[in-house]
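Thanks, everyone, for making the time.

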Amino acid sequence: MAAISALGVGSGLDLNGLLDQLRTAEQQKLVPISEQRTEEKAKISAYGRLQSGLEKLQGAIDKLNDASTFTNLTANVQGDGMTATVGEDASAGRYEITVNQTARAGSLASEGVSDPGAALVGAGGDELTLTFGDGSTSGPISLAEGATLEDIRDAINADETAGVDASIINDGTSSRLVLSSQESGAAAGIESMSFANGTLAGDASTKQAGRDASLDINGIAITSTSNTVEDAIQGVTLELEPSSAGETMSLVVEPDTESLKESVQAFVSAYNEMKSTVGRMTEATGDVETAGELVGDRTVRTIQSQLSRDLTNPVSGGDLEIMSAVGISLDENGRLELDEGKLDEVIADNPQGLQDFFAGTTEEGGFAGRLAGSLDNMLDSEGMVQRAIDTSEGQVGRLEDRFDRTEQRIERTVERYRSQFSQLDGLIAQMNSTSAYLSQQLAGLNMQNN
């Protein structure tokens with residue numbers, strides 16, 4: 001049988017069109033697999049959003065499970081020129097602070113030099129020794145023969161132990177070497193510069209002595225070498241600005257109620273945001289195209305059930321046992337509402353009860369500790385959310401393998417059809433040829449008979 005190079009040539013039939021229709025029909029077997037794969041990928045994405053929402057809630061809960069959230073203090077300054085920050089050792093209190101003077105670094109300039117680029121250091125070089133307010137010295141700093149004022153400046157700045165920063169100032173008629181103490185305070189102030197071979201001399205009229213900060217706190221005299229006054233009030237750091245000199249200010253160290261309220265508000269907001277996320281992904285619309293990705297999902301149902309129990313079960317061992325006692329309630333849609341007035345009242349009247357309710361006497365004992373434990377189990381590397389993601393990812397992998405295998409079977413089926421059509425085309429071509437031959441022979445016999 002002769003080979004047919006193109007389908008339909010021998011038979012005159014549209015075998016290519018028929019083969020395309022059969023291919024299309026066979027490819028319909030891929031549609032449900034592709035749809036399942038898309039659904040599983042959508043689930044993975046939804047689980048990721050759920051995980052992010054739970055992690056945000058976890059962060060807010062961890063803040064309320066930390067006892068320091070309820071004991072933090074804040075420092076409020078009335079007056080200008082001073083700021084204050086509190087540390088862990090601070091205690092509540094009220095203070096009147098009068099700043100007599102602020103601290104400053106000392107400085108000293110040399111006599112003037114007409115040309116800062118001209119050689120100053122004579123034969124054999126020179127050595128510079130610096131003396132400070134407490135009598136200590138630094139140096140000697142070696143200076144090479146022929147060194148200029150600029151070279152002397154650079155040599156001082158290159159010496160990490162010098163204790164001063166050197167610069168050059170032009171006063172309009174000459175240039176001066178200016179030394180500024182690297183630290184403030186009377187002890188660290190630069191007192192003199194001494195060149196062994198008399199290269200330069202200090203100008204005493206330019207000397208600005210280093211100075212300690214001086215202040216009174218509730219009538220107690222305080223001195224500080226720096227304008228950062230640490231632990232004059234235990235656990236409190238004061239920052240003095242030059243403008244504070246001569247000013248009297250008040251400082252109040254008190255519980256940081258605003259930060260505490262913000263922590264409770266952050267928990268309510270994070271829970272409601274997570275609830276909205278879950279609501280969108282579990283919405284049953286009756287339409288596959290618009291329904292949520294996790295409608296009826298067991299993992300989501302388990303999470304919602306666990307969180308609901310944690311929210312509504314009472315907390316034992318304290319004055320406050322349920323959320324409503326601190327101003328938090330559930331509305332008809334399962335979202336949290338915060339009564340800020342009620343919360344303010346509890347913060348003012350029963351701060352210890354509020355701490356016991358949220359943080360408990362142990363890490364797991366309070367309302368926040370209970371929620372934190374549940375969220376840890378949900379978000380653990382082997383928790384239910386990760387297991388759900390792993391399950392869907394495994395299903396996607398299996399569906400992709402199944403898709404590939406089905407696609408290969410379809411190609412083999414189409415190739416089998418192509419082979420059969422080719423044989424059919426050749427057979428019909430042969431039959432047509434035989435028919436034409438027989439018709440020709442019969443026509444010839446008929447003519448002979450006539």
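In helix α6, the residues Thr 299, Val 300, Ile 303, Leu 307, Asp 310 and Leu 311 are buried, where buried stands for under 20% relative accessible area, exposed for over 50%, and partly exposed for what lies in between, with a 1.4 Å probe and protein chains only. These residues lie on the same side of α6, because they cover an arc of only 100° around the axis, the arc being that of the directions from the helix axis to the C-beta atoms. Helix α6 itself takes in residues 298-312, and since its 15 residues at 1.5 Å a residue should span 21 Å, the 21 Å between its end C-alpha atoms agrees with expectation; the expected span is 1.5 Å times one less than the number of residues. Helices (H or I, at least four residues) and strands (E, at least two) are DSSP runs, numbered from the N terminus.

Before going on, a word on provenance: this is a predicted model, in which local features need pLDDT of at least 70 and side-chain atom pairs count only at pLDDT 80 or more, while totals for chains, interfaces and linings use all residues. Residues are numbered from 1 along each chain as its sequence is written, and side-chain values use heavy atoms, with hydrogens and water left out.

Let me turn to helix packing. How do the axes of α2 and α5 cross? The axes of helix α2, residues 30-64, and α5 come within 9 Å and cross at roughly 165°, the axes being lines fitted to C-alpha atoms, for helices over the stretch in contact, with angles that run from 0 to 180 degrees between N-to-C directions. The two helices α2 and α5 are therefore roughly antiparallel to each other, on a scale where angles under 35 degrees count as roughly parallel, over 145 as roughly antiparallel, 65 to 115 as roughly perpendicular, and the rest as oblique. The crossing of α2 and α5 is left-handed, a label used if the near helix is turned anticlockwise from the far one by less than a right angle, with right-handed used if clockwise.

Helix α5, residues 257-281, also has a crossing with helix α7, residues 340-349: their axes come within 11 Å and cross at roughly 135°. That makes α5 and α7 oblique to each other, and α5 passes α7 in a right-handed crossing.

Next, the backbone geometry. Most residues other than glycine have a negative phi, and most peptide bonds are trans. Here, however, a cis peptide bond joins Gly 139 and Pro 140, with omega about 0°, and Pro 140 is found in strand β6, residues 137-143. Asn 218, in the loop between β11 (213-217) and β12 (220-224), has a positive phi near 50°, and at 44% relative accessibility Asn 218 counts as partly exposed. Asp 231, placed in strand β13, residues 228-233, likewise has a positive phi, near 60°, and Asp 231 is exposed, with a relative accessible area of 52%.

On to pairs of residues separated along the chain. Gln 234, in the loop between β13 and β14 (236-240), counts as exposed at 56%, and its C-alpha is separated by 7.6 Å from that of Ser 91, 143 residues apart along the chain. Leu 379, in helix α9, residues 367-379, is 52 Å from Ile 222, C-alpha to C-alpha, and 157 residues apart in sequence.

Finally, an unreviewed UniProt entry annotates residues 389-416 as a "coiled-coil region"; UniProt positions are given in the numbering used here, feature names are shortened, and annotations may be inferred rather than shown by experiment. In the model, residues 389-416 are 100% helix and 0% strand, with the end C-alpha atoms 40 Å apart.
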